[in-house]
Amino acid sequence: MFWDDPNHVPEWLKGMSSSQALQLMHKRVNDMISHSKGTLEHWDVNNENLHAHPFEDLTHDPHITQKMFDWIHALEPNNKLFLNEYNVITSGDTTTYRLDKVAEAGLPIWITELTIKDSNENNKANALDDVMTMFFSHPAIEGVLLWGFWENAIYDKQLSLATGSNVTPNAAGRKWIELFHQRFRTNESHNFNGHTVHTRAFFGEHQLVLKQNGKTIHTENVSFNQGSRTATIHLQGTGEIYI
């Protein structure tokens, strides 16, 4: 929604009074949300504000970024809202101890611009394996977004996970598919005669299928997150089965 970099603040906004700037900033939020309302899951509210503070200077308000969040939240209360920043993980320029330091804020973390630069696709695949394992293991991280993946639609081809006109996964792309569609998913079968099954599963959305004598008798989508550990399934005519 806003980019806290002096080189990317619109020229027509510069030189405005603080009241004029606030009016135009409100207008931008309202106009953008009017086009996107109900279609997006996330908003990058203010981008790269650890590196500069033009909107604070323009409005003379040190809390303007918090107000940006408030404006958008009022219009899209179900969207996840991000304060996005680069080089948080790859270097100590803006943070120390990287993920653990950011996690001290007590807020969920998303990896929003994941890129691994290497001309050797096998090296890139190994590095992707390492960082994704780290991200999925850290309790504060909720999700991962790629900066891009196709060599013809990314600013540096050495970052790509797929090549050619058919968007063919390279070694790193195949590693991504393996991680997300195999290793980081739970696909298990259990037999039970009682009422409870204990197992370990990744956080996220799952489809639970109950079978009796090889025939599917119930299918239900269940979700596990930091606050939920149990799925309770009700089967009509058979009492309760707790999975």
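**View 1. The salt bridge between Glu142 and Lys80.** Glu142 forms a salt bridge with Lys80, and their closest N and O atoms lie 3.1 Å apart. The term denotes a side-chain nitrogen of Lys or Arg within 4 Å of a carboxyl oxygen of Asp or Glu. By this rule, 1 salt bridge is found across the interface of domain 1 and domain 2. The model is predicted: local features need pLDDT of at least 70, side-chain atom pairs count only at pLDDT 80 or more, and totals for chains, interfaces and linings use all residues. Residues are numbered from 1 along each chain as its sequence is written, and side-chain values use heavy atoms, with hydrogens and water left out.

**View 2. The side of domain 1 that touches domain 2.** The largest share, 3 residues, comes from β3.

View 3. An automatic or database assignment gives domain 1 (1–85), domain 2 (94–184) and domain 3 (189–242). The centres of domain 1 and domain 2, taken over C-alpha atoms, are separated by 27 Å. In contact (heavy atoms within 4.5 Å) are 7 residues of domain 1 and 6 residues of domain 2. Domain 1 and domain 2 bury about 550 Å² between them, 59% of it on carbon and sulfur atoms; buried area is the accessible area (1.4 Å probe) that two parts lose on being put together, summed over both.

Technical notes:
Helices (H or I, at least four residues) and strands (E, at least two) are DSSP runs, numbered from the N terminus.
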